Amino acid sequence: MSLAVGEGAGAAAPSDPVDPRAYASAVLNILDDSALEKARLIDTQRAVFSLLQDIADEKDRLEATQKAVLNVLDDAAWEKSHLIDTQRAMFNLLDDVASEKARLEIAQKAILNILEDFDLEKKKVESANIELRGEIAERRMAEEALRKSKTEAEAVSKELEAFSYSVAHDLRAPLRAVDGFSQALLKDYGECFDARGRTYLQYVRESAQQMGQLIDALLSLSRVSRGEMRRERVDLSDLARKIMAKFRQAQPERQVELVVEEGLTARVDRRLLEVALSNLLDNAWKFTGKRAAARIEFGARAGVRPRVYFVRDNGAGFDARYVDKLFGVFQRLHSTQDFEGTGIGLATVYRIVRRHGGRVWAEGEVNRGATFYFTLEEGNR
Amino acid sequence: MSEKYILLVEDNRWDEELILRALEINRIANKVVVAHDGAEALEYMFGTGAYDGRDVMDLPTVILMDIKLPKIDGLEVLRRIRADVRTRLVPVAILTSSKEEKDRVVGYAAGANSFVRKPIEFAEFAQAVGVMGLYWLVLNEPPPPVEK
(Lines give C-alpha, C1' and ligand atoms only; values in the text may rest on other atoms or scores of the structure.)
Protein backbone atom coordinates (compact mmCIF):
# COMPACT_ATOMS: atom_id res chain seq x y z
CA MET A 1 0.00 0.00 0.00
CA SER A 2 2.60 2.43 1.02
CA LEU A 3 4.35 1.94 -2.27
CA ALA A 4 1.19 2.71 -4.16
CA VAL A 5 0.90 5.74 -2.05
CA GLY A 6 4.63 6.65 -2.59
CA GLU A 7 4.14 6.22 -6.23
CA GLY A 8 1.13 8.27 -6.00
CA ALA A 9 2.97 11.21 -4.53
CA GLY A 10 5.16 11.75 -7.62
CA ALA A 11 4.99 15.55 -7.40
CA ALA A 12 7.40 15.59 -4.39
CA ALA A 13 9.78 12.96 -5.72
CA PRO A 14 13.00 14.46 -6.99
CA SER A 15 14.22 13.45 -10.31
CA ASP A 16 17.73 13.32 -8.84
CA PRO A 17 19.33 10.33 -7.62
CA VAL A 18 17.87 9.17 -4.51
CA ASP A 19 19.05 11.01 -1.42
CA PRO A 20 17.88 8.89 1.44
CA ARG A 21 17.31 11.77 3.65
CA ALA A 22 15.52 13.72 1.25
CA TYR A 23 13.53 10.74 0.51
CA ALA A 24 12.67 10.14 4.08
CA SER A 25 11.69 13.64 4.60
CA ALA A 26 9.65 13.52 1.42
CA VAL A 27 7.95 10.41 2.61
CA LEU A 28 7.34 12.02 5.93
CA ASN A 29 5.89 14.94 4.17
CA ILE A 30 3.77 12.76 2.14
CA LEU A 31 2.73 10.90 5.21
CA ASP A 32 1.98 14.15 6.88
CA ASP A 33 -0.03 15.19 3.94
CA SER A 34 -1.89 11.94 3.79
CA ALA A 35 -2.64 12.13 7.50
CA LEU A 36 -4.10 15.48 6.88
CA GLU A 37 -5.86 14.14 3.96
CA LYS A 38 -7.11 11.25 6.05
CA ALA A 39 -8.48 13.58 8.66
CA ARG A 40 -10.12 15.57 5.99
CA LEU A 41 -11.52 12.39 4.56
CA ILE A 42 -12.70 11.34 7.95
CA ASP A 43 -14.34 14.67 8.30
CA THR A 44 -15.82 14.35 4.87
CA GLN A 45 -16.92 10.82 5.68
CA ARG A 46 -18.39 12.06 8.85
CA ALA A 47 -20.15 14.78 6.97
CA VAL A 48 -21.34 12.27 4.46
CA PHE A 49 -22.52 10.04 7.26
CA SER A 50 -24.29 12.86 8.84
CA LEU A 51 -25.65 13.78 5.47
CA LEU A 52 -26.73 10.23 4.97
CA GLN A 53 -28.24 10.24 8.40
CA ASP A 54 -30.04 13.40 7.48
CA ILE A 55 -31.13 11.84 4.26
CA ALA A 56 -32.38 8.76 6.10
CA ASP A 57 -34.30 10.99 8.44
CA GLU A 58 -35.56 12.88 5.48
CA LYS A 59 -36.51 9.62 3.87
CA ASP A 60 -38.50 8.57 6.92
CA ARG A 61 -40.16 11.82 6.90
CA LEU A 62 -40.78 11.50 3.23
CA GLU A 63 -42.20 8.04 3.79
CA ALA A 64 -44.48 9.35 6.45
CA THR A 65 -45.41 12.17 4.18
CA GLN A 66 -45.95 9.72 1.37
CA LYS A 67 -48.07 7.62 3.61
CA ALA A 68 -50.01 10.65 4.62
CA VAL A 69 -50.28 11.65 1.00
CA LEU A 70 -51.39 8.16 0.17
CA ASN A 71 -53.90 8.33 2.94
CA VAL A 72 -55.01 11.65 1.68
CA LEU A 73 -55.18 10.26 -1.78
CA ASP A 74 -57.12 7.27 -0.46
CA ASP A 75 -59.47 9.59 1.24
CA ALA A 76 -59.59 11.70 -1.89
CA ALA A 77 -60.51 8.66 -3.93
CA TRP A 78 -63.37 7.86 -1.59
CA GLU A 79 -64.23 11.48 -1.63
CA LYS A 80 -64.09 11.41 -5.37
CA SER A 81 -66.51 8.50 -5.67
CA HIS A 82 -68.62 10.17 -3.09
CA LEU A 83 -68.36 13.34 -5.09
CA ILE A 84 -69.35 11.46 -8.20
CA ASP A 85 -72.36 10.07 -6.36
CA THR A 86 -73.16 13.47 -5.09
CA GLN A 87 -72.68 14.91 -8.52
CA ARG A 88 -74.98 12.28 -9.94
CA ALA A 89 -77.49 13.04 -7.29
CA MET A 90 -77.04 16.69 -8.13
CA PHE A 91 -77.62 15.97 -11.74
CA ASN A 92 -80.71 14.04 -10.82
CA LEU A 93 -81.76 16.84 -8.62
CA LEU A 94 -81.10 19.33 -11.37
CA ASP A 95 -83.09 17.14 -13.70
CA ASP A 96 -85.87 17.04 -11.19
CA VAL A 97 -85.52 20.73 -10.66
CA ALA A 98 -85.78 21.29 -14.36
CA SER A 99 -89.01 19.32 -14.61
CA GLU A 100 -90.16 20.98 -11.42
CA LYS A 101 -89.37 24.31 -12.97
CA ALA A 102 -91.36 23.40 -16.05
CA ARG A 103 -94.21 22.42 -13.83
CA LEU A 104 -93.81 25.58 -11.82
CA GLU A 105 -93.94 27.57 -14.98
CA ILE A 106 -97.17 25.89 -15.91
CA ALA A 107 -98.47 26.50 -12.45
CA GLN A 108 -97.30 30.07 -12.61
CA LYS A 109 -99.08 30.54 -15.88
CA ALA A 110 -102.17 29.05 -14.39
CA ILE A 111 -101.81 31.33 -11.41
CA LEU A 112 -101.34 34.28 -13.65
CA ASN A 113 -104.48 33.30 -15.48
CA ILE A 114 -106.25 32.97 -12.20
CA LEU A 115 -104.89 36.32 -11.11
CA GLU A 116 -106.10 37.79 -14.33
CA ASP A 117 -109.49 36.24 -13.77
CA PHE A 118 -109.30 37.37 -10.22
CA ASP A 119 -108.55 40.85 -11.34
CA LEU A 120 -111.57 40.72 -13.61
CA GLU A 121 -113.62 39.27 -10.83
CA LYS A 122 -112.31 41.91 -8.47
CA LYS A 123 -113.34 44.60 -10.87
CA LYS A 124 -116.75 43.03 -11.13
CA VAL A 125 -116.99 42.82 -7.35
CA GLU A 126 -115.87 46.40 -7.06
CA SER A 127 -118.52 47.58 -9.46
CA ALA A 128 -121.03 45.36 -7.67
CA ASN A 129 -119.84 46.94 -4.43
CA ILE A 130 -120.39 50.38 -5.81
CA GLU A 131 -123.84 49.34 -6.93
CA LEU A 132 -124.48 47.81 -3.54
CA ARG A 133 -123.34 50.94 -1.78
CA GLY A 134 -125.77 52.84 -3.91
CA GLU A 135 -128.48 50.41 -2.99
CA ILE A 136 -127.58 50.65 0.67
CA ALA A 137 -127.77 54.41 0.48
CA GLU A 138 -131.12 54.12 -1.26
CA ARG A 139 -132.24 51.62 1.31
CA ARG A 140 -131.16 53.87 4.11
CA MET A 141 -133.16 56.64 2.60
CA ALA A 142 -136.11 54.31 2.22
CA GLU A 143 -135.71 53.21 5.82
CA GLU A 144 -135.57 56.79 6.93
CA ALA A 145 -138.71 57.51 4.92
CA LEU A 146 -140.28 54.40 6.42
CA ARG A 147 -139.40 55.52 9.92
CA LYS A 148 -140.88 58.87 9.20
CA SER A 149 -144.08 57.44 7.83
CA LYS A 150 -144.21 55.04 10.73
CA THR A 151 -144.01 57.91 13.18
CA GLU A 152 -146.66 59.71 11.17
CA ALA A 153 -148.78 56.58 11.05
CA GLU A 154 -148.45 56.23 14.80
CA ALA A 155 -149.51 59.81 15.25
CA VAL A 156 -152.47 59.22 12.94
CA SER A 157 -153.27 56.03 14.79
CA LYS A 158 -153.24 57.90 18.11
CA GLU A 159 -155.46 60.55 16.63
CA LEU A 160 -157.74 57.87 15.26
CA GLU A 161 -157.91 56.30 18.66
CA ALA A 162 -158.83 59.60 20.24
CA PHE A 163 -161.35 60.05 17.45
CA SER A 164 -163.01 56.69 17.97
CA TYR A 165 -162.97 57.27 21.71
CA SER A 166 -164.83 60.48 21.14
CA VAL A 167 -167.20 58.71 18.75
CA ALA A 168 -167.86 56.01 21.30
CA HIS A 169 -168.70 58.56 23.99
CA ASP A 170 -170.10 61.62 22.32
CA LEU A 171 -171.98 60.33 19.30
CA ARG A 172 -174.06 57.93 21.31
CA ALA A 173 -175.32 60.43 23.89
CA PRO A 174 -177.61 62.39 21.48
CA LEU A 175 -178.95 59.12 20.12
CA ARG A 176 -179.94 58.04 23.59
CA ALA A 177 -181.80 61.34 23.91
CA VAL A 178 -183.54 60.91 20.52
CA ASP A 179 -184.68 57.42 21.38
CA GLY A 180 -185.37 58.10 25.04
CA PHE A 181 -187.50 61.21 24.53
CA SER A 182 -189.37 59.71 21.54
CA GLN A 183 -190.22 56.83 23.77
CA ALA A 184 -191.23 59.25 26.53
CA LEU A 185 -193.49 61.10 24.10
CA LEU A 186 -195.13 57.87 22.98
CA LYS A 187 -195.63 56.70 26.52
CA ASP A 188 -196.66 59.88 28.31
CA TYR A 189 -198.31 61.78 25.46
CA GLY A 190 -199.31 58.97 23.10
CA GLU A 191 -202.96 60.06 23.07
CA CYS A 192 -201.90 63.45 21.67
CA PHE A 193 -200.73 61.77 18.46
CA ASP A 194 -202.79 60.05 15.83
CA ALA A 195 -201.65 56.74 14.33
CA ARG A 196 -199.45 58.45 11.75
CA GLY A 197 -197.77 60.61 14.41
CA ARG A 198 -197.03 57.54 16.49
CA THR A 199 -195.59 55.75 13.42
CA TYR A 200 -193.31 58.70 12.76
CA LEU A 201 -192.10 58.68 16.34
CA GLN A 202 -191.47 54.97 15.92
CA TYR A 203 -189.36 55.73 12.83
CA VAL A 204 -187.38 58.28 14.83
CA ARG A 205 -186.60 55.62 17.40
CA GLU A 206 -185.64 53.02 14.80
CA SER A 207 -183.32 55.48 13.09
CA ALA A 208 -181.59 56.26 16.37
CA GLN A 209 -181.10 52.58 17.04
CA GLN A 210 -179.84 51.97 13.52
CA MET A 211 -177.34 54.76 13.95
CA GLY A 212 -176.27 53.26 17.25
CA GLN A 213 -175.53 49.98 15.48
CA LEU A 214 -173.59 51.83 12.81
CA ILE A 215 -171.45 53.56 15.41
CA ASP A 216 -170.73 50.26 17.12
CA ALA A 217 -169.87 48.60 13.81
CA LEU A 218 -167.58 51.48 12.81
CA LEU A 219 -165.83 51.35 16.16
CA SER A 220 -165.38 47.62 15.74
CA LEU A 221 -164.02 48.16 12.23
CA SER A 222 -161.51 50.73 13.42
CA ARG A 223 -160.60 48.52 16.35
CA VAL A 224 -159.66 45.57 14.12
CA SER A 225 -157.19 47.78 12.28
CA ARG A 226 -155.64 49.02 15.49
CA GLY A 227 -153.76 47.12 18.12
CA GLU A 228 -151.22 44.37 17.91
CA MET A 229 -151.86 40.97 16.39
CA ARG A 230 -151.30 38.12 18.82
CA ARG A 231 -151.29 34.79 17.01
CA GLU A 232 -152.10 31.70 19.05
CA ARG A 233 -153.56 28.30 18.30
CA VAL A 234 -157.34 28.71 18.12
CA ASP A 235 -159.95 25.99 17.59
CA LEU A 236 -162.09 27.70 14.94
CA SER A 237 -164.67 24.87 14.93
CA ASP A 238 -165.22 25.40 18.62
CA LEU A 239 -165.34 29.18 18.16
CA ALA A 240 -167.96 28.85 15.39
CA ARG A 241 -170.15 26.60 17.54
CA LYS A 242 -169.99 29.02 20.47
CA ILE A 243 -170.96 31.98 18.26
CA MET A 244 -173.88 30.07 16.78
CA ALA A 245 -175.02 29.09 20.28
CA LYS A 246 -175.35 32.81 21.10
CA PHE A 247 -177.54 33.38 18.02
CA ARG A 248 -179.73 30.44 18.94
CA GLN A 249 -180.10 31.82 22.45
CA ALA A 250 -181.12 35.22 21.07
CA GLN A 251 -183.65 33.71 18.68
CA PRO A 252 -184.67 30.35 20.10
CA GLU A 253 -187.73 30.22 17.85
CA ARG A 254 -185.63 29.73 14.73
CA GLN A 255 -184.85 26.29 13.36
CA VAL A 256 -181.39 26.31 11.82
CA GLU A 257 -179.31 23.27 10.97
CA LEU A 258 -175.69 23.90 11.85
CA VAL A 259 -172.89 21.80 10.34
CA VAL A 260 -169.39 22.40 11.71
CA GLU A 261 -166.33 20.50 10.54
CA GLU A 262 -164.41 19.38 13.61
CA GLY A 263 -160.81 20.11 14.48
CA LEU A 264 -160.17 23.19 12.36
CA THR A 265 -157.40 24.90 14.31
CA ALA A 266 -155.19 27.74 13.15
CA ARG A 267 -152.59 30.16 14.54
CA VAL A 268 -154.59 33.39 14.53
CA ASP A 269 -155.52 36.36 16.70
CA ARG A 270 -158.40 34.99 18.75
CA ARG A 271 -160.09 38.35 19.32
CA LEU A 272 -160.03 39.24 15.63
CA LEU A 273 -161.15 35.82 14.44
CA GLU A 274 -164.05 35.94 16.86
CA VAL A 275 -165.13 39.22 15.26
CA ALA A 276 -164.67 37.87 11.71
CA LEU A 277 -166.49 34.58 12.30
CA SER A 278 -169.25 36.39 14.20
CA ASN A 279 -169.79 38.68 11.21
CA LEU A 280 -169.84 35.84 8.67
CA LEU A 281 -172.08 33.61 10.76
CA ASP A 282 -174.31 36.57 11.63
CA ASN A 283 -174.77 37.21 7.91
CA ALA A 284 -175.58 33.55 7.33
CA TRP A 285 -178.01 33.61 10.25
CA LYS A 286 -179.62 36.80 9.02
CA PHE A 287 -179.94 35.85 5.35
CA THR A 288 -181.44 32.43 6.09
CA GLY A 289 -184.11 34.16 8.18
CA LYS A 290 -186.76 33.61 5.55
CA ARG A 291 -185.87 29.95 4.92
CA ALA A 292 -188.01 27.22 6.39
CA ALA A 293 -185.11 24.74 6.37
CA ALA A 294 -182.14 26.97 7.05
CA ARG A 295 -178.71 25.41 6.94
CA ILE A 296 -175.39 26.99 7.89
CA GLU A 297 -172.08 25.26 7.36
CA PHE A 298 -168.56 26.01 8.57
CA GLY A 299 -165.73 23.95 7.15
CA ALA A 300 -162.58 23.83 5.06
CA ARG A 301 -161.91 22.69 1.53
CA ALA A 302 -160.08 19.37 1.43
CA GLY A 303 -156.51 19.19 0.19
CA VAL A 304 -155.86 22.87 -0.48
CA ARG A 305 -152.85 24.80 0.85
CA PRO A 306 -153.07 27.25 2.43
CA ARG A 307 -156.25 25.98 3.98
CA VAL A 308 -159.42 27.56 2.59
CA TYR A 309 -162.19 27.94 5.17
CA PHE A 310 -165.76 28.62 4.23
CA VAL A 311 -169.05 29.72 5.72
CA ARG A 312 -171.96 28.53 3.58
CA ASP A 313 -175.67 29.15 3.89
CA ASN A 314 -178.75 28.38 1.85
CA GLY A 315 -180.24 31.83 2.38
CA ALA A 316 -181.07 34.82 0.20
CA GLY A 317 -177.70 34.78 -1.57
CA PHE A 318 -176.65 37.78 -3.66
CA ASP A 319 -176.40 38.95 -7.23
CA ALA A 320 -172.95 37.78 -8.38
CA ARG A 321 -172.66 40.90 -10.57
CA TYR A 322 -172.09 42.98 -7.44
CA VAL A 323 -169.64 40.63 -5.78
CA ASP A 324 -166.85 43.22 -5.88
CA LYS A 325 -168.95 45.55 -3.75
CA LEU A 326 -169.40 43.03 -0.98
CA PHE A 327 -166.36 43.92 1.07
CA GLY A 328 -166.53 47.71 0.83
CA VAL A 329 -167.54 49.84 3.82
CA PHE A 330 -171.23 50.84 3.84
CA GLN A 331 -171.94 48.61 0.82
CA ARG A 332 -175.16 46.74 1.07
CA LEU A 333 -176.65 44.38 -1.49
CA HIS A 334 -179.99 44.20 0.33
CA SER A 335 -182.23 46.96 1.56
CA THR A 336 -182.50 47.49 5.29
CA GLN A 337 -186.20 46.77 4.85
CA ASP A 338 -185.44 43.18 3.84
CA PHE A 339 -182.46 42.52 6.06
CA GLU A 340 -181.12 44.82 8.72
CA GLY A 341 -177.44 45.50 8.77
CA THR A 342 -174.82 48.17 8.75
CA GLY A 343 -172.83 47.38 5.60
CA ILE A 344 -169.71 47.26 7.72
CA GLY A 345 -169.58 43.62 8.74
CA LEU A 346 -167.90 42.25 5.60
CA ALA A 347 -165.50 45.19 5.44
CA THR A 348 -164.49 44.22 8.94
CA VAL A 349 -164.05 40.58 7.86
CA TYR A 350 -161.93 41.73 4.93
CA ARG A 351 -159.64 43.74 7.17
CA ILE A 352 -159.23 40.93 9.65
CA VAL A 353 -158.39 38.39 6.95
CA ARG A 354 -155.93 40.81 5.34
CA ARG A 355 -154.24 41.43 8.68
CA HIS A 356 -153.62 37.67 8.84
CA GLY A 357 -152.11 37.79 5.34
CA GLY A 358 -155.05 35.87 3.88
CA ARG A 359 -157.71 36.45 1.25
CA VAL A 360 -161.49 36.47 1.31
CA TRP A 361 -163.89 36.00 -1.56
CA ALA A 362 -167.48 34.96 -2.07
CA GLU A 363 -169.73 32.95 -4.34
CA GLY A 364 -173.46 33.39 -4.45
CA GLU A 365 -176.63 33.36 -6.42
CA VAL A 366 -179.91 35.11 -5.67
CA ASN A 367 -182.08 32.84 -3.52
CA ARG A 368 -179.54 30.01 -3.77
CA GLY A 369 -177.40 30.93 -0.78
CA ALA A 370 -173.90 32.30 -0.42
CA THR A 371 -170.50 30.91 0.41
CA PHE A 372 -167.73 33.04 1.88
CA TYR A 373 -164.22 31.64 1.55
CA PHE A 374 -161.15 32.85 3.39
CA THR A 375 -157.55 31.93 4.11
CA LEU A 376 -155.60 32.98 7.18
CA GLU A 377 -152.02 32.89 5.96
CA GLU A 378 -149.91 34.05 3.03
CA GLY A 379 -150.22 32.05 -0.16
CA ASN A 380 -152.13 31.73 -3.35
CA ARG A 381 -155.79 31.13 -3.57
CA MET B 1 -178.57 61.41 57.80
CA SER B 2 -179.24 57.74 57.31
CA GLU B 3 -181.45 58.42 54.32
CA LYS B 4 -180.26 56.43 51.32
CA TYR B 5 -179.60 58.62 48.35
CA ILE B 6 -177.78 58.64 45.01
CA LEU B 7 -175.09 61.07 43.90
CA LEU B 8 -175.44 61.28 40.13
CA VAL B 9 -172.47 62.85 38.36
CA GLU B 10 -173.66 63.59 34.82
CA ASP B 11 -172.87 66.51 32.57
CA ASN B 12 -175.35 65.64 29.82
CA ARG B 13 -178.75 67.13 30.75
CA TRP B 14 -180.62 64.72 28.45
CA ASP B 15 -178.97 61.75 30.12
CA GLU B 16 -179.70 63.31 33.50
CA GLU B 17 -183.36 63.59 32.59
CA LEU B 18 -183.46 60.04 31.15
CA ILE B 19 -181.79 58.58 34.23
CA LEU B 20 -184.22 60.34 36.55
CA ARG B 21 -187.09 59.15 34.35
CA ALA B 22 -185.73 55.59 34.40
CA LEU B 23 -185.51 55.67 38.21
CA GLU B 24 -189.06 56.99 38.36
CA ILE B 25 -190.32 54.24 36.01
CA ASN B 26 -188.62 51.70 38.23
CA ARG B 27 -190.30 53.28 41.29
CA ILE B 28 -187.05 54.20 42.92
CA ALA B 29 -188.08 57.25 44.92
CA ASN B 30 -184.84 57.89 46.76
CA LYS B 31 -183.31 61.32 46.70
CA VAL B 32 -180.91 62.02 43.83
CA VAL B 33 -178.22 64.69 44.15
CA VAL B 34 -176.86 65.75 40.75
CA ALA B 35 -173.39 67.15 40.15
CA HIS B 36 -172.75 68.34 36.59
CA ASP B 37 -168.98 67.97 36.43
CA GLY B 38 -166.10 66.40 38.29
CA ALA B 39 -165.22 69.51 40.25
CA GLU B 40 -168.77 69.89 41.54
CA ALA B 41 -168.80 66.21 42.53
CA LEU B 42 -165.64 66.70 44.61
CA GLU B 43 -166.99 69.88 46.20
CA TYR B 44 -170.07 67.94 47.22
CA MET B 45 -168.11 64.99 48.60
CA PHE B 46 -165.65 67.12 50.60
CA GLY B 47 -168.00 69.97 51.58
CA THR B 48 -166.10 72.70 49.75
CA GLY B 49 -166.95 75.44 47.25
CA ALA B 50 -170.68 75.48 46.50
CA TYR B 51 -171.16 72.81 49.18
CA ASP B 52 -169.12 74.57 51.89
CA GLY B 53 -170.27 73.44 55.31
CA ARG B 54 -172.07 70.33 54.14
CA ASP B 55 -171.84 67.41 56.56
CA VAL B 56 -169.33 65.22 54.75
CA MET B 57 -170.24 62.27 56.98
CA ASP B 58 -173.57 62.14 55.17
CA LEU B 59 -172.28 59.94 52.35
CA PRO B 60 -174.32 58.88 49.32
CA THR B 61 -175.31 55.21 49.23
CA VAL B 62 -173.92 55.00 45.73
CA ILE B 63 -172.31 57.36 43.24
CA LEU B 64 -173.45 56.92 39.63
CA MET B 65 -170.83 58.63 37.50
CA ASP B 66 -169.82 59.05 33.89
CA ILE B 67 -166.12 58.78 33.02
CA LYS B 68 -166.00 61.65 30.57
CA LEU B 69 -166.76 64.77 32.56
CA PRO B 70 -165.94 68.45 32.20
CA LYS B 71 -163.26 70.09 34.39
CA ILE B 72 -162.15 66.99 36.30
CA ASP B 73 -162.81 63.66 34.63
CA GLY B 74 -164.51 60.74 36.32
CA LEU B 75 -161.33 58.74 36.85
CA GLU B 76 -159.68 61.60 38.74
CA VAL B 77 -162.82 62.10 40.86
CA LEU B 78 -162.74 58.39 41.63
CA ARG B 79 -159.07 58.47 42.60
CA ARG B 80 -159.57 61.41 44.97
CA ILE B 81 -162.56 59.77 46.60
CA ARG B 82 -160.56 56.56 47.08
CA ALA B 83 -157.59 58.49 48.47
CA ASP B 84 -159.56 60.14 51.30
CA VAL B 85 -160.20 58.09 54.41
CA ARG B 86 -163.69 59.62 54.82
CA THR B 87 -164.92 58.65 51.38
CA ARG B 88 -162.80 55.71 50.29
CA LEU B 89 -165.42 53.05 50.91
CA VAL B 90 -168.33 54.68 49.05
CA PRO B 91 -169.57 52.42 46.22
CA VAL B 92 -168.99 54.01 42.82
CA ALA B 93 -170.73 52.66 39.72
CA ILE B 94 -169.53 53.93 36.39
CA LEU B 95 -172.34 54.57 33.97
CA THR B 96 -170.92 55.52 30.63
CA SER B 97 -171.43 55.57 26.88
CA SER B 98 -168.47 53.43 25.96
CA LYS B 99 -167.63 49.87 26.70
CA GLU B 100 -164.09 50.40 25.46
CA GLU B 101 -161.76 47.92 27.08
CA LYS B 102 -159.37 50.72 28.00
CA ASP B 103 -162.07 52.57 29.94
CA ARG B 104 -163.01 49.44 31.81
CA VAL B 105 -159.44 48.65 32.75
CA VAL B 106 -158.63 52.12 34.07
CA GLY B 107 -162.07 52.41 35.67
CA TYR B 108 -161.71 49.26 37.72
CA ALA B 109 -158.05 50.04 38.40
CA ALA B 110 -159.05 53.42 39.88
CA GLY B 111 -161.40 51.64 42.25
CA ALA B 112 -164.78 51.43 40.51
CA ASN B 113 -167.21 48.90 41.96
CA SER B 114 -169.24 48.48 38.81
CA PHE B 115 -169.14 49.37 35.14
CA VAL B 116 -172.34 49.70 33.10
CA ARG B 117 -172.77 50.89 29.55
CA LYS B 118 -175.68 53.18 28.78
CA PRO B 119 -177.72 51.50 26.03
CA ILE B 120 -179.17 53.68 23.29
CA GLU B 121 -182.51 51.95 23.26
CA PHE B 122 -184.53 53.49 26.09
CA ALA B 123 -186.20 50.30 27.28
CA GLU B 124 -182.77 48.74 27.80
CA PHE B 125 -181.51 51.98 29.32
CA ALA B 126 -184.38 52.13 31.79
CA GLN B 127 -183.85 48.51 32.69
CA ALA B 128 -180.13 49.02 33.30
CA VAL B 129 -180.72 52.05 35.53
CA GLY B 130 -183.49 50.22 37.39
CA VAL B 131 -181.37 47.16 38.05
CA MET B 132 -178.47 49.30 39.26
CA GLY B 133 -180.69 51.39 41.52
CA LEU B 134 -182.28 48.39 43.11
CA TYR B 135 -179.00 46.61 43.54
CA TRP B 136 -177.10 49.46 45.20
CA LEU B 137 -179.96 50.92 47.21
CA VAL B 138 -181.73 47.77 48.31
CA LEU B 139 -179.75 44.59 47.78
CA ASN B 140 -176.23 45.69 48.49
CA GLU B 141 -175.10 46.01 52.14
CA PRO B 142 -173.30 49.38 52.35
CA PRO B 143 -169.93 49.80 54.08
CA PRO B 144 -170.16 50.72 57.80
CA PRO B 145 -170.05 54.47 58.58
CA VAL B 146 -166.62 56.01 59.04
CA GLU B 147 -165.67 56.66 62.69
CA LYS B 148 -164.71 60.19 63.56
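This is a predicted model: local features need pLDDT of at least 70, side-chain atom pairs count only at pLDDT 80 or more; totals for chains, interfaces and linings use all residues.

Me: Okay! And how many bridges are there between strand E4 of chain B and E5(B)?
Reply: Four bridges pair them, in the parallel sense. Strand E4 covers residues 92-96 of chain B.

Me: What sheet do they belong to, and in what order do its strands come?
Reply: They sit in an open sheet of five strands in chain B, in the order E2-E1-E3-E4-E5, and the pairing is parallel. In general, strands of a sheet pair through backbone hydrogen bonds, either parallel or antiparallel.

Me: Which strands are at the edges of that one?
Reply: Strand E2 (31-35) and strand E5 (114-117) of chain B, each pairing on one side only. On average, neighbouring strands in this sheet are turned by 20° against each other, ignoring direction.

Me: Switching to helices. At what angle do H2 and H3 of chain B pack?
Reply: About 15°, and their axes are 9 Å apart. Helix H2 spans residues 38-46 of chain B, and helix H3 spans residues 74-83. Angles under 35 degrees count as roughly parallel, so H2(B) is roughly parallel to H3(B). H2(B) passes H3(B) in a right-handed crossing.

Me: Which residues meet there?
Reply: From H2(B) you have Gly38(B), Ala41(B), Leu42(B), Met45(B) and Phe46(B), and they meet Val77(B), Arg80(B) and Ile81(B) in H3(B). By class, the residues of this contact of H2(B) with H3(B) are six nonpolar, one polar and one charged.

Me: Nice. How much area do chain A and chain B bury between them?
Reply: About 2,100 Å², with 54% of it on carbon and sulfur atoms. In residues, 24 of chain A are in contact with 22 of chain B.

Me: Which three residues supply more than any other three on chain A's side?
Reply: Tyr165(A), His169(A) and Arg176(A), which supply 34% of the area that chain A buries against chain B.

Me: Now chain A's own sheet. What's the strand order there?
Reply: The order is E2-E4-E5-E7-E6 of chain A, an open sheet of five strands with mixed pairing. Strand E2 (256-260) and strand E6 (360-364) of chain A are at the edges with a single partner strand each, so one side of each has no neighbour in the sheet. Here neighbouring strands are turned by 10° against each other on average, direction ignored.

Me: And how is E2(A) joined to strand E4 of chain A?
Reply: By five bridges, with the two running parallel. In E4(A), Ile296(A) is the bridge partner of Leu258(A).

Me: Which helix lies across that sheet's strands?
Reply: Helix H5 (residues 270-287) of chain A lies across E2, E4, strand E5 (309-313) and strand E7 (370-374) of chain A. H5 runs at about 20° to E5(A).

Me: What about the backbone: where is there a cis peptide bond?
Reply: Between Arg305(A) and Pro306(A), with omega at about -10°. Pro306(A) is in the loop between E4 and E5 of chain A. As background, most residues other than glycine have a negative phi, and most peptide bonds are trans.

Me: So which residue has a positive phi although it is not a glycine?
Reply: That's Asn367(A), with phi at about 65°. Asn367(A) is in the loop between E6 and E7 of chain A.

Technical notes. Residues are numbered from 1 along each chain as its sequence is written. Chains are lettered from A and ligands numbered from 1 in the order in which they are written. Side-chain values use heavy atoms; hydrogens and water are left out. Axes are lines fitted to C-alpha atoms, for helices over the stretch in contact, and angles run from 0 to 180 degrees between N-to-C directions. Angles under 35 degrees count as roughly parallel, over 145 as roughly antiparallel, 65 to 115 as roughly perpendicular and the rest as oblique. A crossing is left-handed if the near helix is turned anticlockwise from the far one by less than a right angle, and right-handed if clockwise. Contact means heavy atoms within 4.5 Å. Ala, Val, Leu, Ile, Met, Phe, Trp, Tyr, Cys and Pro count as nonpolar, Asp, Glu, Lys and Arg as charged, and the others, Gly among them, as polar. Two strands pair if DSSP finds at least two bridges between them. Buried area is the accessible area (1.4 Å probe) that two parts lose on being put together, summed over both.
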